[in-house]
Amino acid sequence: MDTPSAPDSAPPPAGDRREFLTKAAAIAIGGAITAVPPIAGLCVFLDPLRREASAGASVLVASLSALTEGGEPRKFPVLADKVDAWNRATNVPVGAVYLQRLKDNKIRALNVVCPHAGCFVDFRPAQNKYHCPCHDSSFGLDGAILDPKSPSPRPLDELPVEIRKGTEVWVTFQNFRAGEHKKIPV
Amino acid sequence: MKALDWLDHRTGYKRLLHETLFENVPGGARWRYVWGSTLAFCFMVQVVTGLALWLAYSPSSQTAWESVYYIQHEMWGGWFLRGVHHYTAHAMTVLLVVHLMQVVIDGAYKAPREFNFWSGIVLLLLTLALSLTGYLLPWDQKGFWATKVATNIAAITPVIGPSLQKLVVGGNDYGHHTLTRFFALHAGIIPGLIIAFIVGHIYLFRKHGLTPKLPKRRPDAAFWPDQVLRDAVACLAVLVVVLFLVFRYHGAELGAPADPSEPFSAARPEWYFLFLFELLKYFPGGTEVWGAIVLPGLLMAVLAAMPFIGNWKLGHRFNLAFLWAMMGGVAALTFLAIGADRSNPNHTIAVRTAEQEAHRAVVLARGPDGIPITGAVTLLRNDPLTQGPKIFAKSCASCHRYDGHDGLGGQPKDKASAADLKGFASRAWLTGLFDPAKVDGSLYFGDTAHKRGKMVKYVKEDVASLDDAGKKELAQAIVALSAEARLKAQREQDRQDEALIATGTKALIGTKLSCIDCHRFHEDGEELGTAPDLTGYGSREWIVGIITNPEHQRFYGAKNDRMPAFGEEKQLTPHEIGLVTDWLRGEWYEPAAKKPE
């Protein structure tokens with residue numbers, strides 16, 4: 001469309017003020033109405049930031065008799081209540097732990113999640129170590145990093161264990177943020 | 001400025017901007033030119049809010065309602081976002097009609113603008129298709145049943161109908177694939193087509209220029225800034241109306257979750273499709289195709305032929321008359337549909353029930369158990385407050401009443417012929433039973449075979465002649481008997497009256513009242529078979545038992561009047577008996593009273 005006027009071509013001076021007001025009003029109103037839908041959408045988009053990390057809950061994971069003193073670590077599923085947006089489920093798998101029975105009825109519980117990028121580690125009996133299948137991080141039986149060049153920033157996450165009624169192994173289950181040197185609950 | 005020149009050299013944006021802003025407006029800016037821009041604005045709003053809703057929507061029959069519930073009630077500003085999307089859709093439909101009317105009235109459909117007119121009609125139809133598909137997505141009762149009707153109508157299309165329906169529904173029945181298909185249509189395919197047609201529509205509009213309203217009142221002017229301001233103000237007005245509706249109704253409505261096994265007599269299409277809904281009432285069975293497809297098709301054909309009709313001498317007048325007649329017809333049919341529903345008490349009850357169930361679904365979803373994986377529909381199916389009255393109305397209300405009605409608020413055809421069970425086994429209910437003036441009234445045994453039975457005789461003679469001490473014992477016995485029911489509403493009272501209940505129990509098995517001359521009460525009294533067992537009277541287990549089989553010797557035995565053995569005869573499932581029992585006993589989930597929101 002060819003129009004003789006251009007943005008900066010001078011309009012008649014009498015209409016100057018009126019035209020300035022028209023332009024200002026058009027920009028202000030146009031800007032305001034255009035902003036409403038994105039703002040509404042942005043709130044929903046940012047909603048996840050409101051959701052706080054959940055505190056770890058104590059869960060019955062195994063009976064003491066399932067573990068032999070000084071034996072190899074064994075993997076157990078952790079069942080707990082889970083909230084997934086609108087769904088609430090009770091007693092469903094939320095993760096897994098390796099349990100190892102040490103001397104004096106002490107139990108060591110390690111979260112199976114590799115602190116590097118969140119894969120599940122395997123226990124390799126032949127080498128007596130934990131190994132992550134994703135990026136080859138390896139950890140000792142106590143969860144410590146074995147290889148100084150390990151991609152994992154911290155040892156495997158140890159979880160608090162309590163023996164109740166002399167036979168029940170309860171673990172305070174918690175996941176931690178991957179890729180951090182410190183244990184930050186998620 | 002140098003940077004802008006650099007940018008312009010590479011993109012040519014200045015020319016584009018110039019063309020956009022300095023389009024010629026013949027005769028200067030006018031309010032009647034704003035409609036196209038308001039529609040473009042609405043479409044922009046729908047795209048932005050639609051994408052944001054997409055972030056949280058999950059199309060499947062177990063998650064669609066649930067995710068929409070979550071948006072509406074749990075997410076930050078979710079109700080607002082949904083409300084804007086919903087009411088802008090309404091606004092868009094209205095504006096489309098206004099735009100069409102303005103184009104026809106101003107003769108803007110005539111040569112050489114035929115293609116522009118036709119692309120506008122396609123955009124109108126595509127937008128209506130967006131409304132139709134969007135209506136289903138929340139998967140609530142309203143959307144589900146309205147869509148079921150709409151797709152069944154599509155099935156009567158000659159030849160291709162049944163296949164068309166199967167393709168739209170995604171199978172033989174409504175479910176996951178209905179939602180995935182409607183969602184793909186609503187959020188992908190139709191908007192994509194609309195964008196393509198809008199581009200074409202605007203291109204043609206720019207090619208032929210605005211159709212001036214003659215005579216011109218002022219010299220020609222550029223689109224910027226006068227017409228832009230008018231357009232912006234018009235869009236602002238639309239937005240203000242939308243926001244008013246959003247705040248007035250706290251966002252869009254969300255009905256109870258869709259349940260294919262639960263009829264929904266409040267099913268109506270969105271108000272702008274009501275004329276079609278009403279039109280179908282006038283076509284007898286087998287001829288619906290005329291009302292649903294042929295007639296609307298013909299009207300659209302005339303609309304599309306307007307540019308040609310307009311070439312005749314009187315063509316433009318015909319077009320105008322046709323359009324006004326069509327709008328008048330649509331308005332009249334809409335008015336008739338609304339009027340018919342207003343004057344129909346059954347529809348009013350259906351709408352009220354629908355609102356109650358919608359509210360109840362949200363209460364349960366926010367309850368301590370949340371929504372199970374099987375979806376929110378299970379919450380309502382297992383809720384005594386929702387199902388109890390329906391089961392009562394269906395199976396009990398031909399004889400019994402609940403507070404004088406059939407449980408749902410209606411009146412059954414048959415006169416009441418058995419006890420009113422509101423508050424059964426409560427202290428108040430039992431006090432009435434032992435009132436010589438009431439025991440053979442219609443609330444208790446009045447219309448049953450027991451009217452001349454021993455119990456009525458006992459109340460009318462023995463109870464009536466009790467001395468003051470006897471009356472006191474009776475009152476205590478009533479408290480003790482009522483405590484057997486362990487009613488939720490009396491739980492606190494029963495706990496406080498522990499001593500009174502102990503005294504009442506003694507009175508119950510005492511010689512003065514002589515209840516156990518006929519009844520059994522725990523270890524005391526007659527063998528079962530002479531009169532209903534008072535052990536656990538009115539408890540869940542007791543009521544389930546009597547509904548299952550009233551002829552069991554624990555209840556009425558051979559003296560049972562006309563009550564069917566609902567459980568034994570499999571007239572009701574154990575699950576249904578449990579639900580109606582819990583409802584009669586007032587056992588359902590109620591949220592703890594919290595601060596008002």
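How many residue pairs are in polar contact across the interface of chain B and chain A? The rule finds ten, with both residues at pLDDT 80 or more; a polar contact here is a pair of N or O atoms within 3.5 Å, where one must be able to donate a hydrogen and the other to accept it, and residues adjacent in sequence count only if both atoms are side-chain atoms.

Before you click on: this is a predicted model, where local features need pLDDT of at least 70, side-chain atom pairs count only at pLDDT 80 or more, and totals for chains, interfaces and linings use all residues. Residues are numbered from 1 along each chain as written, chains are lettered from A, and side-chain values use heavy atoms, without hydrogens or water.

Next, select Arg18(A) and Asp226(B). Their side chains meet in a salt bridge at 3.3 Å, N to O (a side-chain nitrogen of Lys or Arg within 4 Å of a carboxyl oxygen of Asp or Glu). The count between the two chains is one.

Now colour α10 (223-248) of chain B (helices are DSSP runs of H or I, at least four residues). α10(B) gives ten residues, the largest share of the side of chain B that touches chain A.

Then show the whole contact (heavy atoms within 4.5 Å): 43 residues from chain B and 33 from chain A. Pick out Phe22(B), Tyr70(B) and Trp76(B), which supply 20% of the area that chain B buries against chain A, more than any other three residues. Buried area is the accessible area (1.4 Å probe) that two parts lose on being put together, summed over both. Here that comes to about 3,300 Å², 74% of it on carbon and sulfur atoms.

Methods. Helix = DSSP H or I, 4+ residues; strand = E, 2+ residues; numbered from the N terminus.
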